[in-house]
Amino acid sequence: MNILIFNCGSSSLTFKVLSVDPMENIRVVLSGKAHRVGVKGSKPSSIEYEHGGSRESVETPLDDHGQAAVLVLDKLGEIGIKFDCIGHRWVHAAGYFQTAWVDAALLLRLKALVPILPVHHPAILRVIYACRKALPKLPEYVTADGAFHSTIPACASTYLLPKGLVKKYGFRKHGFHGLSYRYVVRKTAETLGMPLSGSRIVACHLGTGGSSAVAVKNGESVDTSMGYTALSGLVMSTRSGDIDPILTLYLMAVFGYHPDDLMDMLNKKSGLLGISGFSSDIRDIIQRVGDDPQAKLAFEMYVYRLKKYIGSYVAVLGGLDVLVFTDDIGVHNWLVRERVCAGMDWCGVRLDTQANQRASGDEIARLDAPDSKVKVLIVPTEEELVIGWEGIALMKGKQDAASLRS
Amino acid sequence: MLLLFDPEPPYLRWCVFEEGAARSSRCLFGAEWFRTVRKGAGNLGRVKGVGYLLRHGGDRIKEPVLRLTPQTLDEVKDTIRFLPEFNDITCKVLDRWTQELPGIPHFLFCDTAFFSGLPDVAGTYAVPEELRETGVRRYGSYGLVHQWAWEKACSMFGGNVGKMVSVYLGDHTNIAALRDGKSLDTTIGFTPVEGIPSRTGCGDIDATIVFELHSSGMSFREINELLSWESGFKALLGRRCGYRDLVCGPAGVGKTEGRDILIYDVLKYIGAFTALLEGLDTLAFITRHPEESLGLIREICGRFDFLGVRLSPDGLAAGGDAWNLSDHGARMNVSLFESDIWKIMAQLTESMIEEKQP
């Protein structure tokens with residue numbers, strides 16, 4: 001059985017074809033990524049494919065994610081790769097589903113969830129519609145990213161707002177990066193040969209777009225830094241992370257900022273970009289830390305906020321067994337890891353600074369010093385594989401249902 | 001005799017401080033407030049000084065205690081935009097009383113001053129410079145109490161205090177990280193709404209919620225009212241939602257939930273501040289209600305076993321206002337201080353009056 005997976009970023013579209021054998025071993029047949037989707041800039045958009053040991057990059061205009069998906073489907077047809085179903089990552093399901101087949105009823109529900117994530121959700125819907133149009137008979141499913149956080153207890157997920165309002169709008173901490181965390185936690189346990197029961201893990205998903213941290217107890221999420229939306233928590237590339245809600249009112253009421261403009265500034269012009277004033281890319285910022293005070297502040301705030309979150313999760317977990325870094329910045333930026341782990345002796349973290357600098361970031365690696373009580377790991381994430389795991393289970397259910405009917 | 005004021009919208013708290021004792025009252029801050037205070041204060045001829053607590057010093061007032069002059073009055077008015085409900089009361093009260101008693105010294109106590117030296121890394125919000133230029137930064141509050149707690153802890157534990165987390169437990173629970181007497185971070189942000197939920201304030205929430213409420217038709221004023229005065233523990237417990245309602249008496253549905261949230265948030269911030277201090281030697285609790293808080297404190301400290309926190313099983317010795325809670329030989333200093341904002345203000349006022357005399 002083959003499964004095609006689509007994973008929408010705000011300006012990218014990652015895709016993979018997974019081949020699943022009867023023992024449920026997964027092999028990646030083809031993978032790739034569409035870059036700069038819907039971005040008007042100096043660099044051209046492109047789609048990159050990796051298949052059968054060869055790599056290929058095609059420059060092409062990409063107006064939206066739907067168009068990118070159509071081009072990918074065409075390419076797969078051209079190469080002759082077939083698949084049995086298509087899985088999509090859905091970001092914010094507001095607790096309605098973990099994984100579900102796409103049908104008319106579900107589409108209505110998905111459309112109602114657009115306002116919660118006005119950038120990601122419409123992009124995903126475009127991909128779903130593009131697939132339905134091109135391959136109307138092929139089953140499609142969505143897997144919700146936030147489901148991993150459904151185990152967060154009320155004391156951590158509740159916002160103390162009037163109850164009627166909470167009920168009407170569903171205000172609560174949802175959390176994100178759930179697929180990534182599911183993958184990373186499973187791989188961490190496998191790598192260390194450690195039972196999840198009784199374990200205390202803090203994982204940091206540090207992406208070039210969004211970043212978050214999670215506290216994991218017995219393999220389950222018990223708290224995470226993102227909230228009702230992806231705006232809160234850590235300092236991110238262009239998102240502010242935690243801010244006083246009243247300061248938004250101050251800026252609108254006293255200084256006349258329009259709500260739409262302010263929302264846009266907090267999501268797209270804040271974070272590293274907002275502090276440094278010149279870049280949302282932590283690599284650019286690190287290069288100028290020595291001579292630009294704003295770059296220095298941006299880098300320090302990024303590290304500082306993350307350290308605070310790790311500290312708070314250590315307190316919540318009552319100590320720490322494993323600290324894990326994942327996603328682009330998490331696996332590739334040794335300086336971020338070094339600074340974050342500095343002065344963490346109080347909770348038993350000691351980094352092997354040489355191993356940390358040497359790590360390629362392309363594979364799982366241990367970074368803790370021999371005398372460290374806490375194990376420190378980098379685990380490159382594979383959200384698409386988790387969507388694949390869900391697809392396998394769904395298809396199995398379908399086959400079971402079919403065999404019952406026959 | 002000293003006359004001291006503390007805004008607590010919709011009320012004004014005030015106190016006559018004489019010979020070490022505070023006679024404290026509260027009145028609605030309405031048309032009658034001045035007459036009420038005047039009547040209650042007695043013989044105004046005996047007043048040697050007047051003190052006003054300013055909850056938010058904005059971006060200009062950075063002194064914990066300030067002798068009021070006509071110039072400083074303008075500066076105080078400029079702070080109203082930062083915390084209108086509170087600072088407006090302070091401004092009106094000091095306007096009226098400086099006129100009423102022109103011949104004696106008047107002092108302003110600024111509760112954010114202690115945090116005006118926060119390192120940029122803690123004081124800055126990760127927003128564009130254009131927005132930061134409007135005065136948006138972390139100001140903290142309850143600085144008078146946290147600074148006082150540092151001094152108390154130093155006299156209790158001697159030279160063994162360097163990295164301290166100071167936890168104020170009350171209607172507006174908040175926490176500060178201190179190193180060598182200086183503040184490094186605090187749970188309170190631009191306004192006292194950010195941080196740990198308070199009696200009526202929502203605490204940390206996703207700011208997107210503000211925008212969603214606005215697009216559903218609520219005005220800025222209504223949203224501010226909702227987040228500042230209708231949320232927090234009031235959302236769980238209704239009218240009786242003060243700190244003592246939460247920690248005293250039998251458990252109830254909203255109460256258990258509220259207590260869990262309070263403990264959880266305190267736990268998280270102690271952890272976060274321990275991380276930025278890179279370890280901890282002193283944990284100080286401050287409250288107006290020591291006896292009632294002891295159970296809560298034991299519960300919180302029980303979760304920091306792994307940091308070497310160990311409490312003595314003894315209760316609080318009668319008659320004091322400062323208790324060493326740590327067990328013999330425990331790695332971490334833990335203390336409990338009974339705070340009284342009037343005493344703190346009176347001490348500072350008296351030392352300022354003495355300073356000015358030839």
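Tutor: Let us begin with the chain interface, bearing in mind that this is a predicted model. Chain B contributes 58 residues to the contact and chain A contributes 60 residues.

Student: Which elements give two or more residues to the side of chain B that touches chain A?

Tutor: They are α4 (120-123), α5 (129-132), α7 (208-215), α8 (220-229), α9 (234-237) and α11 (253-277) of chain B. The most comes from α11(B), with 13 residues.

Student: How is that side of chain B divided by class?

Tutor: The side of chain B that touches chain A has 32 nonpolar, 13 polar and 13 charged residues.

Student: What does α11(B) meet in chain A, and how should I read the crossing angle?

Tutor: One reads the distance between the axes together with the angle. Here the axes of helix α11 (residues 293-317) of chain A and α11(B) come within 7 Å and cross at roughly 130°. Angles over 145 degrees would count as roughly antiparallel and 65 to 115 as roughly perpendicular; α11(A) and α11(B) are therefore oblique to each other. The crossing in which α11(A) passes α11(B) is right-handed.

Student: Which residues make this contact?

Tutor: On α11(A) they include A:Tyr304, A:Lys307, A:Ile310 and A:Val314. Among those they meet on α11(B) are B:Leu267, B:Tyr269, B:Ile270 and B:Leu276. By class, the contact of α11(A) with α11(B) holds 12 nonpolar, four polar and three charged residues.

Student: May we apply the reading to a helix pair within chain A?

Tutor: Consider helix α1 (residues 65-79) of chain A and helix α3 (residues 120-134) of chain A, whose axes come within 7 Å and cross at roughly 40°. Angles under 35 degrees count as roughly parallel; α1(A) and α3(A) are therefore oblique to each other. Their crossing is right-handed. Residues of α1(A) in the contact include A:Ala69, A:Val70 and A:Leu73, while α3(A) supplies, among them, A:Val127, A:Ala130 and A:Cys131. The contact of α1(A) with α3(A) divides into nine nonpolar, two polar and one charged.

Student: Where do the domains lie along each chain?

Tutor: Chain A is assigned domain 1 (2-151) and domain 2 (178-383), with 26 Å between their C-alpha centres. Their contact takes 13 residues from domain 1 of chain A and 11 residues from domain 2 of chain A. The side of domain 1 of chain A that touches domain 2 of chain A has four nonpolar, seven polar and two charged residues. In chain B, the division is domain 1 (2-110) and domain 2 (156-341), and their C-alpha centres lie 27 Å apart.

Technical notes:
Residues numbered from 1 in each chain as written. Chains lettered and ligands numbered in written order. Predicted model: local features only at pLDDT ≥ 70, side-chain atom pairs only at ≥ 80, totals over all residues. Domains from an automatic or database assignment. Contact = placed C-beta atoms within 7 Å. Nonpolar A, V, L, I, M, F, W, Y, C, P; charged D, E, K, R; others polar. Helix = DSSP H or I, 4+ residues; strand = E, 2+ residues; numbered from the N terminus. Axes fitted to C-alpha atoms, helices over the stretch in contact; angles between N-to-C directions. Left-handed = near helix turned anticlockwise from the far one by under 90°.
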